[in-house]
Amino acid sequence: MGKIDPIVECFADVSFQAVRNGGQLIGELRQIRSNWDEALVARRHATVWRALDVIMRQPVISSQVLRAELGVSNPTAG
């Protein structure tokens, strides 16, 4: 029977690396969203502000997704 210690150590190392990577990704996504907020010029209650939240959750979207997520008309989703 083989030794389990190297396997456990390897698993622990890659798990901690995954946590660090996740933390970095969260920081980068928050910065991207902040940049969008600063760059976007739209009325305060425009649908596009809510659409940004959808895009952050699901980066590949269609007008169908926006219609379903935001409950808006086809032209608005477009």
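Mentor: Happy to, and one definition comes up throughout: a residue is buried under 20% relative accessible area, exposed over 50% and partly exposed in between (1.4 Å probe, protein chains only). The model is predicted, so local features need pLDDT of at least 70 and side-chain atom pairs count only at pLDDT 80 or more, while totals for chains, interfaces and linings use all residues. Residues are numbered from 1 along each chain as its sequence is written, and side-chain values use heavy atoms, with hydrogens and water left out.

Let's begin with Arg33, which sits in helix 1, residues 5-39 (helices are DSSP runs of H or I with at least four residues, numbered from the N terminus). With a relative accessible area of 17%, Arg33 counts as buried because that value is under 20%. Apart from its neighbours within four places in sequence, Arg33 is in contact (heavy atoms within 4.5 Å) with Trp49, Leu52, Asp53 and Met56.

Now for the charges. Side chains of opposite charge can pair when their charged atoms come close. The structure has 3 salt bridges, each a side-chain nitrogen of Lys or Arg within 4 Å of a carboxyl oxygen of Asp or Glu. Arg33 pairs with Asp37 at 3.0 Å, N to O. Both partners belong to helix 1 and lie 4 residues apart, about one turn of the helix. Asp37 is partly exposed, at 33% relative accessible area.

Arg33 also forms a salt bridge with Asp53, at 2.4 Å from N to O. Here Arg33 is in helix 1 and Asp53 in helix 2, so this pair ties together parts that are 20 residues apart in sequence. Asp53 has a relative accessible area of 37%, which makes this residue partly exposed. Put together, Arg33, Asp37 and Asp53 are linked in a network of salt bridges.

There is another pair to look at: the side chains of Glu69 and Arg57 meet in a salt bridge of 2.5 Å, N to O. Glu69 is in helix 3 and Arg57 in helix 2, so this bridge ties together parts 12 residues apart in sequence. Glu69 is partly exposed at 42%, whereas Arg57, at 57%, is exposed.

What about the nonpolar side chains? In soluble globular proteins, they tend to be buried together. In this model the largest nonpolar core has 7 residues: Ala51, Val54, Val65, Leu66, Leu70, Val72 and Ala77. Helix 2 (47-57) and helix 3 (63-70) each supply at least two of its residues, and helix 3 gives the largest share, 3 residues. Such a core is a set of buried Ala, Val, Leu, Ile, Met, Phe, Trp, Tyr and Cys residues joined through side-chain atoms within 4.5 Å. For one local view, select Ala51: leaving aside neighbours within four places in sequence, Ala51 is in contact with Leu66 and Leu70.
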